[in-house]
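User: I would like to go through the aromatic pairs and a few individual residues of this model. Could you take me through them?

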Amino acid sequence: MSTKLKLLPVTVMLMAGAIQQCLIPTGEFSIPGYDYLIYNRMATDVGGDYADLFELPNDRLLIVIGDVTGHGVSSALLTAMVKASVFRFAHKDTSLREIVTQTSNMICDLLNKKKLMTFCAITLDKNTGEMAVCNAGHPYPMIHTCKGKLRTPCKTSLPLGVSKKRCRYDEELEKLEIGETLILYTDGFPEAENEAKEEYGYDKFQQLITDSEINTPKELQDKLLTVFDEHHKAEELSDDVTFIILRRKDKI
């Protein structure tokens, strides 16, 4: 085998990884009345997590997060397909239920259950804080209240790509009050193992959020990463770690 052919898989992986890094707009951001950030740390050169935020007409936001089964080039390509689908529907001002349903149908048609994706999509009215949540088998979003409590919209359905007939994606209504913080995440943190092969755990993760005093998204991010690194310790990750933190600060 020639050297060029040997290098081809490596080149493809590097290109896929570079493309995927462009798919998740990581960093701190601010829009009138809200501060938010998106964080992503991939376990390999090409992961399967997706997170994004779009501004919609009529002072609304579309917030999405997802996690493809497995890793590698195929997972990265599916992530790119989902981003393109969400982007297209968002700019047509399609309903939340329709965005999730049509994206699931696309995965069914193209991949025939070979890949699935947990997914959570939220539309938020920036003026009122009113939200519609549509969850497809993804870890429940969390809302940290001003009184240091936590509530979780918990209506869910099957992941994207499972079945056209069996999947029904309904919306759950919520409201993000002034001073409250919305947290969305993938399973990379709560399922991370320590040296003794013990997972951090979802209950412990929720308690960590509950006990946190949140003044800014960055403050919470720093605390989460400190706790994660203390628990996981190993340099290599077994799964991607991704979260979105959005805080409603003032009236627009």
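Predicted model: local features only at pLDDT ≥ 70, side-chain atom pairs only at ≥ 80, totals over all residues.

User: Take Tyr 39 and Phe 243. Why is the pair stacked?

Analyst: Their ring centres are 5.0 Å apart and the planes meet at 20 degrees, so the pair is stacked. Planes under 30 degrees apart count as stacked.

User: And which parts of the chain does that pair tie together?

Analyst: Tyr 39 belongs to strand S2 (residues 34-41) and Phe 243 to strand S11 (residues 241-248), so the pair ties together parts that are 204 residues apart in sequence.

User: Are those two buried or exposed?

Analyst: Both Tyr 39 and Phe 243 are buried.

User: Which residues do ring pairs link into a cluster?

Analyst: The cluster consists of Tyr 185, Phe 189, Tyr 200, Phe 205 and Phe 228, linked by ring pairs.

User: What sits over the ring of Phe 89?

Analyst: The charged end of Arg 88 does, at 4.4 Å from the centre of the Phe 89 ring.

User: Changing topic: where does Glu 172 lie, and which side chain of opposite charge is nearest?

Analyst: Glu 172 is in strand S9 (residues 172-175). This residue is buried yet has no salt bridge. The nearest side chain of opposite charge is that of Lys 155, 6.1 Å away, whereas a salt bridge requires a side-chain nitrogen within 4 Å of a carboxyl oxygen.

User: What does the Glu 172 side chain reach, then?

Analyst: Two backbone nitrogens: that of Cys 154 at 3.2 Å and that of Lys 155 at 2.8 Å. Leaving aside residues up to four places away in sequence, Glu 172 touches Met 131, Ala 132, Val 133, Pro 153, Cys 154 and Lys 155.

User: Now Glu 235. Where is that one, and is it buried or exposed?

Analyst: Glu 235 lies in the loop between helix H5 (217-232) and S11. Its relative accessibility is 82%, so Glu 235 counts as exposed.

User: How far is Glu 235 from Ala 43?

Analyst: The two are 192 residues apart in sequence, and 9.6 Å apart in space from C-alpha to C-alpha.

User: Last one, Thr 145: where is it found, and what does it touch?

Analyst: Thr 145 is found in the loop between strand S7 (142-144) and strand S8 (150-151). With a relative accessible area of 13%, Thr 145 is buried. Not counting residues up to four places away in sequence, Thr 145 touches Arg 151 and Glu 180.

How values were computed:
Residues numbered from 1 in each chain as written. Heavy atoms only, no water. Phe/Tyr/Trp six-rings, centres within 6.5 Å; stacked < 30°, edge-to-face > 60°. Helix = DSSP H or I, 4+ residues; strand = E, 2+ residues; numbered from the N terminus. Buried < 20%, exposed > 50% of the residue type's maximum accessible area, 1.4 Å probe, protein only. Lys NZ or Arg CZ within 6 Å of the ring centre and 35° of its normal. Lys, Arg positive; Asp, Glu negative; His and termini not counted. Polar contact = N/O pair within 3.5 Å; in protein donor to acceptor, adjacent residues only side chain to side chain. Contact = heavy atoms within 4.5 Å.
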